[in-house]
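These are my notebook entries on a structure that I had not examined before. I set down what I looked up, entry by entry.

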Amino acid sequence: EATWESLDSRPNPTWYDESKFGIFIHWGVFSVPAFGSEWFWWYWQGTKNPAYEEFIRETEHESFVYADYAHRFDASLYQPREWADLFAQSGAQYVVLTSKHHEGYCNWDSKEAVPLSWNWNAMDVGPRRDILGDLAKEIKATESPTSGQK
């Protein structure tokens, strides 16, 4: 049933309720300007926040659009194996990477699942790799030093 009441009545997954420590990662096109928050696009274009408008005027060319950031989101230093090891060493019992944020950019090859996201995902523009899939693969292959489990 597609209602808020139906969603609110569903229990949390056991792994979530029983975990003491987990990691949530917000990373995407909005990371490029490194200004404000992950809601950069909304504050700049949605609310026309003067601080965001000034930031764009001072740092970008006159015809700049938010999608231009995607070409600079290259994830060139992204090392999912190292991330997985670090998360395991920290004792994290789960890791959640935001795979799609409010501006619609997907950190995975979303063309088939979300047809309207063509050319607005990590496989088509930016890093040209499956950021979510690469991290999931490495986390699943990593053994926790505290529990000995993968």
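Entry 1: I placed Trp 42 in helix α3, residues 40–46. Trp 42 has a relative accessible area of 39% and is partly exposed. I use buried for under 20% relative accessible area, exposed for over 50% and partly exposed for what lies in between (1.4 Å probe, protein chains only).

**Entry 2: source of the model.** I note that the model is predicted: local features need pLDDT of at least 70 and side-chain atom pairs count only at pLDDT 80 or more, whereas totals for chains, interfaces and linings use all residues. Residues are numbered from 1 along each chain as its sequence is written, and side-chain values use heavy atoms, with hydrogens and water left out.

**Entry 3: the chain as a whole.** I recorded seven helices and two strands, in the order α-α-β-α-α-α-α-β-α from the N terminus. Helices (H or I, at least four residues) and strands (E, at least two) are DSSP runs, numbered from the N terminus. The C-alpha atoms fill a box of roughly 55 × 40 × 30 Å along the principal axes. Of the 150 residues, 34% count as buried. The chain exposes about 9900 Å², of which carbon and sulfur atoms supply 52%.

**Entry 4: salt bridges.** How many salt bridges does the structure hold? I found six, taking as a salt bridge a side-chain nitrogen of Lys or Arg within 4 Å of a carboxyl oxygen of Asp or Glu.

I then looked up Glu 60 and Arg 72, whose side chains meet in a salt bridge at 2.7 Å, N to O. Glu 60 lies in the loop between α4 (50–59) and α5 (68–72) and Arg 72 in helix α5, so the pair ties together parts twelve residues apart in sequence. Glu 60 is buried at a relative accessible area of 16%, whereas Arg 72 is partly exposed at 41%.

Next I turned to Arg 81 and Glu 138, which form a salt bridge at 2.4 Å, N to O. Because Arg 81 lies in helix α6 (residues 80–90) and Glu 138 in helix α7, this pair ties together parts 57 residues apart in sequence. Arg 81 is partly exposed, with a relative accessible area of 32%; Glu 138 counts as buried at 17%.

Asp 124 and Lys 111 make a further salt bridge, at 3.2 Å, N to O. I located both partners in the loop between β2 (95–97) and α7, 13 residues apart. Asp 124 counts as buried at 17% relative accessibility, and Lys 111 is partly exposed at 36%. I also noted that salt bridges with shared partners join Arg 81, Asp 85 and Glu 138 into one network.

**Entry 5: a residue of helix α7.** Is Ala 136 buried or partly exposed? I found Ala 136 partly exposed, at 29% relative accessibility, within helix α7, residues 131–141. From Ala 136 to Phe 40 I noted 96 residues in sequence and 26 Å in space, C-alpha to C-alpha.

Technical notes. Areas by Shrake-Rupley, 256 points an atom, 1.4 Å probe, with all protein chains shown as cover.
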